Amino acid sequence: MEEATRVLFFGRLADIAGGRERALALSGPTDLAAIIATLGEGAPDLAAALAAPSVRVAVNRQIAPLRAGKAAPGDEIAFLPPVSGG
Amino acid sequence: MIRVAQSLDPQAELAAFSAGRTDAGALASFVGLCRDEGGKVAALELDHYPGFTESEIARIEAEARERFAILDVLIVHRIGRIEAGAPIVLVGVLAAHRKAALHAVEFLMDYLKTDAPFWKCETGRGGKRWIEPGADDHGARAAWRGKS
């Protein structure tokens with residue numbers, strides 16, 4: 001069996017997703033767009049929140065520009081809404 | 001040095017940071033405090049992404065070291081629950097001369113407000129509210145672009 005892919009939600013996205021973390025079972029390298037679509041299935045609020053251009057996506061702690069690229073079993077995907085330090 | 005911490009004592013941090021630095025002629029610092037917004041906010045809750053947050057702040061620090069003639073940088077950022085009146089962030093900069101130290105502190109704070117991966121929500125009378133950077137914060141950061 002393949003290792004799970006960890007999905008992390010930060011800030012307000014954790015509230016909308018109903019939790020900070022989720023595990024996905026991917027069968028192999030999968031486009032981020034397809035993963036985002038899967039996460040939004042049956043959850044229109046989450047789908048809309050993840051679609052916002054201000055939300056950045058990181059795979060294994062590297063920002064994926066324009067959400068291009070794939071994630072594989074064992075990877076960590078993070079959804080990062082606008083940040084606010086200081 | 002960069003640290004994400006559950007507690008912050010700015011005076012003790014600054015004393016340790018500048019101890020023995022006979023090469024520095026200036027220590028400039030900034031402490032950000034949790035403001036209660038006229039009693040509406042009881043506390044802030046700060047979240048971060050361990051590993052990612054530290055490496056993003058390291059990039060900001062590296063840029064400050066390139067731009068300004070400074071000797072050392074200290075950034076300590078709180079996470080967790082922060083009561084009104086308590087410190088959230090400390091930036092300290094050691095330099096031979098004051099201008100570089102003061103400018104570097106302002107630069108680091110402008111970048112931390114918009115670029116450091118922290119997520120902040122207010123809790124209090126008004127319930128829970130996530131805070132995202134405002135136009136003023138983006139303007140302050142943008143003003144550094146094109147400056148050398």
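Biologist: In which element is B:Glu61 found, and why is B:Glu61 called buried?

Modeller: B:Glu61 is found in helix α2 of chain B, where a helix is a DSSP run of H or I with at least four residues, a strand a run of E with at least two, both numbered from the N terminus. Its relative accessibility is 9%, and since buried means under 20% relative accessible area, exposed over 50% and partly exposed in between (1.4 Å probe, protein chains only), B:Glu61 counts as buried. This is a predicted model, in which local features need pLDDT of at least 70 and side-chain atom pairs count only at pLDDT 80 or more, while totals for chains, interfaces and linings use all residues. Residues are numbered from 1 along each chain as its sequence is written, chains are lettered from A and ligands numbered from 1 in the order in which they are written, and side-chain values use heavy atoms, with hydrogens and water left out.

Biologist: What makes the pair of B:Glu61 and B:Arg65 a salt bridge?

Modeller: The closest N and O atoms of B:Glu61 and B:Arg65 are 2.9 Å apart, and the rule asks for a side-chain nitrogen of Lys or Arg within 4 Å of a carboxyl oxygen of Asp or Glu, so the pair qualifies. Being 4 residues apart in helix α2 of chain B, the two are separated by about one helical turn, and B:Arg65, at 34% relative accessibility, is partly exposed. Salt bridges with shared partners join B:Arg21, B:Asp23, B:Glu61, B:Arg65 and B:Asp72 into one network.

Biologist: What makes the set around B:Ile70 and B:Leu108 a nonpolar core?

Modeller: Such a core is a set of buried Ala, Val, Leu, Ile, Met, Phe, Trp, Tyr and Cys residues joined through side-chain atoms within 4.5 Å. The largest has 33 residues, of which B:Ile70, B:Val91, B:Val93, B:Leu108 and B:Leu112 touch the most other members. Chain B elements that each supply at least two residues of this core include α2 (52-67) and α3 (98-115), and α3(B) gives the most, with 9 residues.

Biologist: Why is B:Leu46 called buried, and which residues does B:Leu46 touch?

Modeller: B:Leu46 has a relative accessible area of 6%, which places this residue of strand β3 of chain B among the buried ones. Not counting residues up to four places away in sequence, B:Leu46 touches several residues, including B:His77, B:Ile88 and B:Trp119, where contact means heavy atoms within 4.5 Å.
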